[in-house]
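Please examine the model below alongside its sequence.

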Amino acid sequence: MQSKWRGSHRWIGRLDRYLVRHVSDLPGGNHDVFFRRLSASANHGKLWMAAAAVMAVFPGRTRRAALHGLIAQAVASAVTNGVFKTLLPRTRPLPEHLPVFRFVLPQPTSSSMPSGHSASAVAFAVGVGLVRPALGAALAPAALGVAYSRVHTGAHWPSDVFFGSALGAGAALVTRRWWPVRPPFPQTARTWTPAPELPDGEGLSIAVNTLGGSFTEETASALQEVFPKAHIHTVHPEDDLLGEIRATADWPGTKALGVWGGDGTVGAAAAAAVERSIPLLVLPGGTLNHFARDAGTGSLKEAVAAASRGEAALADIGVVTVERGLAGQPEAAELMMLNTSSLGLYPNLVRRREQLQPALGKPLAGVVAMIRTFAAGTPITLTVNGVRHKVWIAYVGRGRYYPRDHAPLLRPVLDDGILDVRLITADESFARLRLLWSVLTGTVASSRITHLAEATEVRIDAGGAPMALAVDGEALAGVRSVEYRVVPRALAYYTPHS
């Protein structure tokens, strides 16, 4: 076996023996124990799994870096041990090549070429570094130390380590092709517009929905303290929400309309503000406060500052035309959309994620909710802008959301003039397995099941079958078709300049 290798690659053998001879000539010391222990710690990838476990404690990019490092390591290990050790049989160094006190015992029995430890070490470090460069740089000395330890302890020839390291780096880069780096979120941008200054809330009328997620018995009185000159009207569950919001907007002397409630309430208030050509002050009165957060008034302090100084900007609005009722007797309704709309399993996904989020945190809750939802759910057939799909989720956002995957979170620009269209389809074979795998590996955005597009108009038809639709968190049943369009910069809203 060894003669065949050296017969074909004698120059590699000569270089290996030359390098090993220099390693053998190094004086003994505590570093021998260190490299022996370092090498043993990387057996079966234990060292890198432990590092990934520590990194996984930190959400966001650090956790994604750990996951990508493990995936790259798994690919490198599989290719190294399952393919190349069979194709390139080679005898490992013999005891006479190194001092006995350095020689690893027991000696591995598999082929020496290539080094699996080196492949795993470099794959993990490079995989992590592609997502978090600083962490990859911090891991590089450990990875290089593991690679060198395989020569220092007589487990491998230097060329085995070089080839294994190249395989590890290649595995990390190849997996990166189907798991691209998330682009950075763009800077927040605003189209500023003049608006009335509202010192102490003078000229401001606020509708307070008691069904808002953060409403308490003290909410109205607390708002009156913050805006002592404002007109504050509380809307109770038995009241007509739309009628009460319109009445609040029509209160004598009203220069701006304020709203305290969830995203559905904010949408109704936005419609009233647009109809009356007055600016809207969104207060964080809901559970998630999507629009308030995107508008920069995610806290009461920010909202008060913007209103007092008359700082406002323009936002696009989405118009949703819904067809409901019987096939022969359709009924049309028109809704305003400030944030998002969805069809399919997305409402169930959001509901499960919100239930799990307090205990698991948002990233992990999203993964668990996704698995539970799609393990039990079934896709629906929809025609989207003339193209027929089997769809798990059809999502339409008013404005470009980030990140560009199944869990959009932020919208830095509120007047970009587009609809953000995302479909997660079941058109492909093994659709459910593909979906679950992409969720587990964090590759939903780059998977073939995900279709991302931008448009100014979108039509979705269920082929006569009724479907459930959610618009800004408000659900509608029995929908047969829905159309979306954008009205540019139709809403003025208060937002702080800084």
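The paragraphs that follow treat cores, helix packing and backbone geometry in turn.

This is a predicted model, in which local features need pLDDT of at least 70, side-chain atom pairs count only at pLDDT 80 or more, and totals for chains, interfaces and linings use all residues. Residues are numbered from 1 along each chain as its sequence is written, and side-chain values use heavy atoms, with hydrogens and water left out.

The largest nonpolar core has 25 residues. A nonpolar core is here a set of buried Ala, Val, Leu, Ile, Met, Phe, Trp, Tyr and Cys residues joined through side-chain atoms within 4.5 Å; buried means under 20% relative accessible area, exposed over 50%, and partly exposed in between (1.4 Å probe, protein chains only). Leu257, Leu280, Phe291, Leu338 and Leu491 have the most contacts inside this core. Among the elements that give two or more residues to it are helix H10 (241-249), strand E4 (256-261), helix H11 (263-276) and strand E15 (474-494); helices (H or I, at least four residues) and strands (E, at least two) are DSSP runs, numbered from the N terminus. H11 gives the most, with 6 residues. Apart from this core lies another, of 24 residues, including Leu343 and Val421. In soluble globular proteins, nonpolar side chains tend to be buried together.

Helix H4 (residues 46-56) and helix H7 (residues 133-152) pack at an angle of about 165 degrees, with axes 12 Å apart. Axes are lines fitted to C-alpha atoms, for helices over the stretch in contact, and angles run from 0 to 180 degrees between N-to-C directions. H4 is therefore roughly antiparallel to H7, a label for angles over 145 degrees. Leu47, Trp48 and Met55 in H4 meet Leu135, Ala142, Ala143 and Val146 in H7, where contact means heavy atoms within 4.5 Å. By class, this contact has 7 nonpolar, no polar and no charged residues; Ala, Val, Leu, Ile, Met, Phe, Trp, Tyr, Cys and Pro count as nonpolar, Asp, Glu, Lys and Arg as charged, and the others, Gly among them, as polar.

The backbone comes last. Most residues other than glycine have a negative phi, and most peptide bonds are trans. A cis peptide bond, with omega about -5 degrees, joins Met113 and Pro114. Phi of His44 is near 55 degrees, a positive value, and His44 counts as exposed at 73% relative accessibility. Asp200 has a positive phi near 60 degrees and is partly exposed, with a relative accessible area of 40%.

Conventions
Parallel < 35°, antiparallel > 145°, perpendicular 65-115°, else oblique.
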